Amino acid sequence: MWQVPLGSVRRILCLGAHSDDIEIGVGGTLLKLAEQISDLEICWVVFSAPGQRADEASRSADEFLGSVRRRQVKIGSFRESYFPSEWPAIKDWFEKIRAEFDPELVFTHYRDDRHQDHRVLSDLAWNTFRNHLIFEYEILKYDGDLGHPNVFIPLSEQLCTRKVELLLKHFQTQSTKHWFTRDTFEAMHRIRGIECASVSGRAEAFYCRKMILGTL
């Protein structure tokens with residue numbers, strides 16, 4: 001298995017349709033990078049977080065990015081579950097983000113995710129950041145739309161535990177959902193960890209559709 005270090009990455013853009021998406025899909029990886037890279041710069045964008053969820057999103061982002069000094073957290077007010085009809089306004093916000101922040105790596109939703117809001121963000125990420133490295137993250141849900149990821153980031157048991165604890169701590173509005181449980185998140189870490197032979201048995205996984213390799 002070919003391993004590529006992410007140590008050279010400094011500017012990261014994280015895109016999430018809803019207030020807990022980034023944390024679920026890439027939270028462990030962000031904790032790991034923040035721990036290893038002292039001069040990391042992260043732009044964290046949540047597009048929909050109505051009511052109490054906006055406070056949850058803000059507090060969670062602050063704690064996940066606690067050691068990241070250079071960070072921006074943006075929380076939008078687009079109507080949840082109606083992103084396809086709000087495409088022009090969301091596209092305008094993408095262009096504003098692009099003008100203000102030039103990332104080396106973009107984390108966004110999996111293109112084949114069945115949630116309509118997730119797909120809109122994935123499509124617009126590829127439309128807006130055409131010459132950037134993009135990793136699509138996954139979120140387990142009732143739709144059963146998980147695919148076969150081709151990028152894996154091994155995580156320690158400690159980091160995975162920290163990620164899950166923060167999710168359960170900050171997103172109390174989601175606690176009644178049948179899938180929002182410690183077991184769910186731990187199971188995803190274990191499944192992806194097995195697939196990449198992670199030493200800890202744990203990992204997060206992503207989909208990379210295009211990567212350009214420079215000369216040595």
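The bend at a residue is the angle between axes fitted to the seven residues ending there and the seven starting there. In this predicted model, where local features need pLDDT of at least 70 and side-chain atom pairs count only at pLDDT 80 or more, totals for chains, interfaces and linings use all residues. Residues are numbered from 1 along each chain as its sequence is written, and side-chain values use heavy atoms, without hydrogens and water.

Helix 1 has a kink of about 70°, centred on Gly27. Helices (H or I, at least four residues) and strands (E, at least two) are DSSP runs, numbered from the N terminus.

The largest nonpolar core has 40 residues, and Ile12, Ile22, Leu30, Ile42, Trp44, Phe107 and Phe206 touch the most other members. Such a core is a set of buried Ala, Val, Leu, Ile, Met, Phe, Trp, Tyr and Cys residues joined through side-chain atoms within 4.5 Å. Helix 1 gives the most to this core, seven residues. Trp44 has contacts (heavy atoms within 4.5 Å) that include Cys14, Ile22, Leu30 and Phe64, leaving out residues up to four places away in sequence.

Seven strands form an open sheet in the order 3-2-1-4-5-7-6, with mixed pairing; two strands pair if DSSP finds at least two bridges between them. Strand 3 (70–75) and strand 6 are the edge strands, each pairing on one side only. Strand 5 and strand 7 (residues 203–207) run antiparallel and are joined by two bridges. Glu136 stands opposite Tyr207 in strand 7.

Key. Buried means under 20% relative accessible area, exposed over 50%, partly exposed in between (1.4 Å probe, protein chains only).
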